[in-house]
Amino acid sequence: MISFGLRLALTGGREALVRFAVIAAAVALGTGLLLATVAGVRALDAQFGRTGWMNPQPVPGAAAADPLEWSVRWDYFAGRSIDRIDVGRTGPRPPAVPGLPVLPAPGEYLASPALHDLIAAHPADQLGARFPGREAGLIPATALASPDSLVAVVGRTPAEVAAIPGARRVESFSAQGRPIPVAALDLVLSVVAGGLLFPVLVFISTATRLSAARRERRFAAMRLVGATPRQVTTLAAVESTAAAVLGTAAGFALFPALRAALAQVRLTGERFHPADLSPGWLAIGLVALGVPLSAAVVSRLAMRRVRVSPLGVARQVTPRPPRAWRLLPLAVGLAELAYFVGRTPKTSNGQVAAFLPGFLVVMAGLVIAGPWITMAGARFMARRARRLPALVAARRLADNPQAAFRAISGVVLGLFVVSVATGVITTMVQERGVRNNALSSATLLRQFDRQGGQVPDALLARLRATTGVTFALVLRDNPDDSRVSPSSVVACSELARIPQYGRCAPGAETAQIWSNLVGFDRDRTGTGASTVWPAAPLTTDQLAALPIDTLVVGLDGTTAARERARTLLELAYPGERVPPATDLDFTTDSRTQLRQYQQLANVIMLFSLPIAGCSLAVSVAAGISDRRRPFSLLRLTGVPLRMLRRVVALESAVPLLAVAVLAAGTGFVAAQLFLRAQMGYTLSAPGWTYYALAALGLAVSLAIIASTLPLLERVTGPETARNE
């Protein structure tokens, strides 16, 4: 039976070969994406674990060694974050640091390759002078999260490191990096699985049903002439399994190309090390065995009607219509998300356990409810139909809504995922995004603690003499601790020299002002030259006696000026934990996170919609092929070809548009529930790019439907009616 099944698959004519090739292509794409997904998750784990040495964990029972004074700080350069580790050796036998072959002595530093290139490409007064001494070597790739990582390990005396706020003494390092948190792993898996693998699974399912009606009739005929259910099942399994084996092999061949593309995706803000993008031997074995085995199981399930009732298949028994209960899973998923509004779990694992099932149930609910919605739309169209194409299309949709929805399910899932991602990302950008303006990006801050700092006159003179610096201003701590009062005070004579930041009230000697001179309100309202800062109940003599709160440096807006001033301030205050920064620098990490989310949404949109379009094309073509005989008979009775084309177009376009509206609306509702429960935000309207993308996706889907219509003329000739 196995050899006979292979002959049917490979020598059964052009239709059999096309079906075999489409199944193999679908499985190849699914296998490649599955391997890339597993490799990406493993790369995330490896990327997170490579940096474990920066925040060392004690090792119980470790051999005694001379401890290290250890301080982890951060810095900025041209909008990028730099990790800086200051280390001081207290003796000749320091503990071994995983990934670092040597530790720098005082007056030496190690740099990552990317940081080394930045230092070499820019003048020392912009970056290199922040790391005094000589470069003693490069940090190996095994100790870096990414080839793009900017990391410096600076050698200093133990006393200098111990004086840095937050420094600690380290006696041992764990050789095992920290694994990625379970919550983050589950989140990545759910997003990728929902956005990428679901459309691929739909594509594979659609491909396996290509010419399904003709195959079912063929297998039913075999049953009628004496073939046993086991023989029929074996024939079906052989055909699908052979295509799956070939597709799996092609998927493994496709994986290197996907791996190269994935290596360039900055999913976490930085690229992956290519060596980390490996699915692992266990995953390779599971995929190599599991995909063909799954194909065999699916084929066995697909032949259940033939095994149970061959006469029923041969006579084309109409499937039972879907019931309204299919709406329940969708309602349950939305209700589960709504339940956690105001009841969000405190832990990350609890939050994943709360929201992940809800989103998965909603996605499954859309697939389950789709046939019922298609049937309801078909019945509505039948009542409103005034022309033959609309009536025929409506009757056929109502007769088998499951098959009609199957053709568009990939597009619907893709639109849902895109709507959720767009709704969440757009709202986060609105709520967390920084409103960049000329003032906030051209104002560098050196903030001090509550005890205040010392600003020598010589430092002010050097800052003011630096190219690109427009002013240097000292702010004092505001003795008014009210939350509504600005944090600092300034003399009105000083503020008058920088009118672009506002002015004092008439007659005031001193004014209350925010430490960044523009305020911290998210919308930046009321800042600039028109701002009148409230008067402070202080004289200039009283002001001079207050501790210094912030040293503010005005810039001309160029990167060179900002980095020169930052380097000068870091050299003046080498023991401070928080670096000098602008408002944009302080939000570098949040902006990077938003870019990560946007990158993830772009990946989902890039892959899901084209895959869904392929599913649609295969499904529509398969539907035309399976109904070639009815269409041929209609043409013989005088029905024009253009009318049949309208029937096919309406059969696909009506459920597509109807369920697409539901999918987009459901996506925004799910996004709103998640935002309210997790962050307390209200959904913001997406930008025009979302509507343009949705319209483009639907337009492409309609174009795909139109591209299959010429097939009608080729397969519905008179010879088809005679031969079928």
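**Notebook: rings, a sheet and a helix neighbourhood**

**Entry 1: a charge over a ring**

I began at Arg-343 and found its charged end over the ring of Tyr-339, 4.5 Å from the ring centre. I call a charge "over a ring" if NZ of Lys or CZ of Arg is within 6 Å of the ring centre and within 35 degrees of the ring normal. I then looked up Arg-446, which lies over the face of Phe-448 at 6.0 Å from the ring centre.

A note to myself on the ground rules: this is a predicted model in which local features need pLDDT of at least 70 and side-chain atom pairs count only at pLDDT 80 or more, while totals for chains, interfaces and linings use all residues. Residues are numbered from 1 along each chain as its sequence is written, and side-chain values use heavy atoms, with hydrogens and water left out.

**Entry 2: confidence and overall make-up**

I checked pLDDT, the predictor's confidence in each residue on a scale from 0 to 100. The protein chain averages 80, and 80% of the residues score at least 70. I marked two stretches for caution. Over residues 182-186 pLDDT stays under 50, and the model has eight contacts there beyond four places in sequence; a contact means heavy atoms within 4.5 Å. Residues 522-526 also stay under 50, with 13 such contacts.

I noted 25 helices and 13 strands in the protein chain. These are DSSP runs numbered from the N terminus, with helices (H or I) of at least four residues and strands (E) of at least two. Of the 724 residues, 49% are buried. Buried means under 20% relative accessible area, exposed over 50%, and partly exposed in between, with a 1.4 Å probe and protein chains only. Among contacts with a separation of 6 or more, 81% are between residues 24 or more positions apart.

**Entry 3: back to the rings**

I paired rings of Phe, Tyr and Trp (its six-membered ring) if their centres lie within 6.5 Å; planes under 30 degrees apart count as stacked, over 60 as edge-to-face, and the rest as tilted. By this rule I get nine aromatic pairs. Why is the pair of Tyr-339 and Phe-340 edge-to-face? Their planes stand at 85°, with the ring centres 5.1 Å apart, so the pair gets that label. Tyr-339 is partly exposed at 48% relative accessible area, whereas Phe-340 counts as buried at 15%.

Phe-355 and Phe-674 are an edge-to-face pair too, 5.2 Å centre to centre with 80° between the planes. This pair links distant parts of the chain: Phe-355 is in helix H12 (residues 348-384) and Phe-674 is in helix H22 (residues 641-678), 319 residues apart. Phe-355 counts as buried at 5% relative accessibility, and so does Phe-674 at 17%. I wrote down one aromatic cluster: Tyr-339, Phe-340, Phe-355, Phe-359 and Phe-674.

**Entry 4: around Leu-334**

Leu-334 lies in helix H11 (residues 328-339). Which residues does Leu-334 touch, not counting those up to four places away in sequence? I found Val-362, Thr-666, Val-669, Ala-670 and Leu-673. The C-alpha atoms of Leu-334 and Thr-666 are separated by 8.5 Å, although these residues are 332 apart along the chain.

**Entry 5: the six-stranded sheet**

I traced an open sheet of six strands in the order E4-E3-E5-E2-E1-E6, with mixed pairing. Strands E4 (134-138) and E6 (168-170) stand at the edges with a single partner strand each, so one side of each has no neighbour in the sheet. Neighbouring strands are turned by 30° against each other on average, direction ignored.

E3 (residues 108-111) pairs with E4 in the parallel sense over four bridges; strands pair if DSSP finds at least two bridges between them. Tyr-109 stands opposite Glu-135 in E4, and Ala-111 stands opposite Leu-138 in E4. Glu-108 and Leu-110 point one way from E3, Tyr-109 and Ala-111 the other way, and all are buried. A reminder: side chains in a regular strand alternate between the two faces of the sheet.

Helix H3 (residues 113-121) lies across E1 (68-77), E2 (80-89), E3, E4 and E5 (151-155), running at about 115° to E3. Such axes are lines fitted to C-alpha atoms, for helices over the stretch in contact, and angles run from 0 to 180 degrees between N-to-C directions.

**Entry 6: partners of E8**

I finished with strand E8 (residues 469-477), which runs antiparallel to E13 (residues 548-555) and is joined to E13 by seven bridges. Val-474 has Leu-551 in E13 as bridge partner. E8 also pairs antiparallel with E9 (residues 488-491) over two bridges, where Arg-476 has Val-489 as bridge partner.
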